[in-house]
Amino acid sequence: MTVTLLQIAIGGAAGAVARYLTDRLADLVFGTHFPVGTLAVNLIGCLLMGIAFSLLPERSSGPVWPAPFIMTGVLGGYTTMSAYALDAWTLAGSGRIWEAFLYLTATVILAMAMLCAGIAFGRWIAG
């Protein structure tokens, strides 16, 4: 358990730095009028999550399993969109199409609602 948590922590730090650098590069190349960096991070993260999911074994036969480092750590630090997409794919892949659709839709709508609530609450606290 301790090794796994360390893998996730190190991977998360690397993913967060990669996210920041990707976002800054996108700002330099495309400007800041549209969130190209966030879009790029989410799309790249989803692509990499799909590749990792397809290539990494489901279980480890050795002492170190790369999935926690790559999938939860690096990609989790880079973007949560990749985990969101994988969860939806897993639901749909198991024949739970309606639940996948509900999950996809509810996440976007509720995330925006929570963001708005957080902004309103923060502004209320600030006076």
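Trainee: Which residues of helix H3 are buried?
Mentor: In this predicted model, helix H3 covers residues 66-78, and its buried residues are Ala67, Pro68, Met71, Gly73, Leu75 and Tyr78.

Trainee: What covers the buried residues of H3?
Mentor: The cover includes helix H1 (2-30), helix H2 (36-55) and helix H4 (81-93).

Trainee: At what angle do the axes of H1 and H3 cross?
Mentor: The two axes cross at roughly 35° and come within 6 Å. The crossing of H1 and H3 is right-handed.

Trainee: Which residues make that contact?
Mentor: On the H1 side, they are Thr4, Gln7, Ile8, Ile10, Gly11, Gly12, Gly15, Ala16, Ala18, Arg19 and Thr22. On the H3 side, they are Pro66, Pro68, Phe69, Thr72, Gly73, Val74, Gly77 and Tyr78.

Trainee: How many of the residues in the contact of H1 with H3 are nonpolar, polar or charged?
Mentor: Nine are nonpolar, nine are polar and one is charged.

Trainee: Let me step back to the chain. How many helices and strands does the chain have?
Mentor: The chain has five helices and zero strands. Along the sequence, this reads as the pattern α-α-α-α-α.

Trainee: What box do the C-alpha atoms fill?
Mentor: Taken along the principal axes, the box is roughly 55 × 40 × 30 Å. The accessible surface of the chain is about 8,900 Å², and 75% of that surface belongs to carbon and sulfur atoms.

Trainee: What percentage of the chain is made up of buried residues?
Mentor: Buried residues account for 19% of the 127 residues.

Trainee: And of the contacts between residues at least 6 apart in sequence, what percentage join residues at least 24 apart?
Mentor: The figure is 57%.

Trainee: Now for single residues. Is Gly37 buried or exposed?
Mentor: Gly37 is buried, because its relative accessible area is 2%, and the cut-off for buried is under 20%. This glycine belongs to helix H2.

Trainee: What is Gly37 in contact with?
Mentor: If neighbours within four places in sequence are left aside, Gly37 is in contact with Asp23 and Ala26. As for Ala13, which is 24 residues from Gly37 along the chain, the two C-alpha atoms are separated by 18 Å.

Trainee: Where does Asn42 lie?
Mentor: Asn42 also lies in helix H2. Its relative accessibility is 17%, so Asn42 counts as buried. Not counting residues up to four places away in sequence, Asn42 touches Thr79 and Met81.

Trainee: What about Tyr84: buried or exposed?
Mentor: Tyr84 is buried, with a relative accessible area of 12%. This tyrosine is found in helix H4.

Trainee: Which residues does Tyr84 touch?
Mentor: Not counting residues up to four places away in sequence, Tyr84 touches Tyr103, Leu104, Thr107 and Val108.

Trainee: How many residues apart in sequence are Tyr84 and Thr2?
Mentor: They are 82 residues apart in sequence, and 25 Å apart in space from C-alpha to C-alpha.

Trainee: One more topic. How many aromatic pairs does a search of the whole structure find?
Mentor: The search finds four aromatic pairs. One of them is formed by Phe121 and Trp124. Their rings are stacked, with 5.8 Å from centre to centre and 25° between the planes.

Trainee: Where do Phe121 and Trp124 sit in helix H5 relative to each other?
Mentor: They are three residues apart in helix H5 (residues 97-126), so about one helical turn separates them.

Trainee: And is Trp124 buried or exposed?
Mentor: Trp124 counts as exposed, because its relative accessibility is 64%, and the cut-off for exposed is over 50%.

Key. Residues numbered from 1 in each chain as written. Predicted model: local features only at pLDDT ≥ 70, side-chain atom pairs only at ≥ 80, totals over all residues. Heavy atoms only, no water. Buried < 20%, exposed > 50% of the residue type's maximum accessible area, 1.4 Å probe, protein only. Helix = DSSP H or I, 4+ residues; strand = E, 2+ residues; numbered from the N terminus. Contact = heavy atoms within 4.5 Å. Axes fitted to C-alpha atoms, helices over the stretch in contact; angles between N-to-C directions. Left-handed = near helix turned anticlockwise from the far one by under 90°. Nonpolar A, V, L, I, M, F, W, Y, C, P; charged D, E, K, R; others polar. Phe/Tyr/Trp six-rings, centres within 6.5 Å; stacked < 30°, edge-to-face > 60°. Areas by Shrake-Rupley, 256 points an atom, 1.4 Å probe, with all protein chains shown as cover.
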